[in-house]
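This report describes selected features of one protein chain.

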Amino acid sequence: MAFRSIALRTAALCRRAMATEASGSTFPLTFGSPSNALFNAAPVKQVDIPSTTGHFGILPNHVPTIAILLPGVVSVTTEAGDVQRFFVSSGTATIHADSTVQIMAEEICDVGEIDGAAVRSALEVSRSKLASATSEADKAAAQIEVDVYECMVAVA
């Protein structure tokens, strides 16, 4: 009997539900970094993000979620249907029960602004740092740089 009671409460807590507050075919997006605000509660149709659990798309009425961003491209489909692509180095995405979405990135740049030659050069420097790093902290910092630049090279 006690097990059944615990199982029922656990099932209720673990049940995932769709957001119920969104209306129409858009949802408000806030997207920025410490130095750059790109969207401030702007109505958008869809956002695609790279996260530690995989790349996924966000639409109105998405299940409330918190995700950690990986280096990669965030694609935003505006209310007008235009797709804007931004490279993010890392960050978080929060999808709230009221269908508002907040994406906070450490660094953001428009994909069109990435200089392929400069990124490839920076990648080589980062790989050299990684190869010569002696402390665990230096290795970790260099590995993060390598990961970010490899992703930038892939989209440049």
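## Aromatic residues

Phe31 and Phe39 are both buried. In this predicted model, the ring centres of Phe31 and Phe39 lie 6.4 Å apart with the planes at 10°, so the two rings are stacked. The rings of Phe31 and Phe86 have their centres 5.6 Å apart and their planes at 80°, and this pair is therefore edge-to-face.

Phe31, Phe39 and Phe86 form one aromatic cluster. Across the whole structure, the search finds three aromatic pairs.

## Nonpolar cores

The largest nonpolar core has 22 residues, and those that touch the most other members are Leu29, Phe31, Val47, Ile49, Val76 and Ile103. Elements giving two or more residues to this core are strands S1 (27–33), S2 (36–51), S3 (54–58), S4 (65–69), S5 (72–78), S6 (83–88), S7 (91–95) and S8 (101–105). The most is given by S2, with five residues.

Ile103 illustrates the contacts made: beyond its neighbours within four places in sequence, Ile103 is in contact with Leu29, Thr30, Phe31, Gly32, Val47, Ile49, Leu69, Val74, Thr92 and Ala93. Another core, of six residues, lies apart from the largest one; among its members are Cys109, Val119, Val148 and Met152.

## Helix H2

Helix H2 spans residues 116–132, 17 residues in number, and reaches 25 Å from its first C-alpha to its last, close to the 24 Å expected at 1.5 Å a residue. Its buried residues are Gly116, Val119, Ala122, Leu123 and Ser126. Seen down the axis of H2, these residues fall within an arc of 120°, so they line one face of the helix. The face turned away from the buried side carries the exposed residues Ala131 and Ser132. At the N-terminal end, Asp115 caps H2, with a side-chain oxygen 3.1 Å from the backbone nitrogen of Ala117.

Helix H3 (136–155) is included in what covers the buried residues of H2. Ser126, placed in H2, has 1% relative accessibility and therefore counts as buried. Not counting residues up to four places away in sequence, Ser126 touches Ala142, Glu145, Val146 and Tyr149.

Key. Residues numbered from 1 in each chain as written. Predicted model: local features only at pLDDT ≥ 70, side-chain atom pairs only at ≥ 80, totals over all residues. Heavy atoms only, no water. Helix = DSSP H or I, 4+ residues; strand = E, 2+ residues; numbered from the N terminus. Expected span 1.5 Å × (residues − 1). Buried < 20%, exposed > 50% of the residue type's maximum accessible area, 1.4 Å probe, protein only. Arc of directions from axis to C-beta. Contact = heavy atoms within 4.5 Å. Polar contact = N/O pair within 3.5 Å; in protein donor to acceptor, adjacent residues only side chain to side chain. Core = buried A, V, L, I, M, F, W, Y, C linked by side-chain atoms within 4.5 Å. Phe/Tyr/Trp six-rings, centres within 6.5 Å; stacked < 30°, edge-to-face > 60°.
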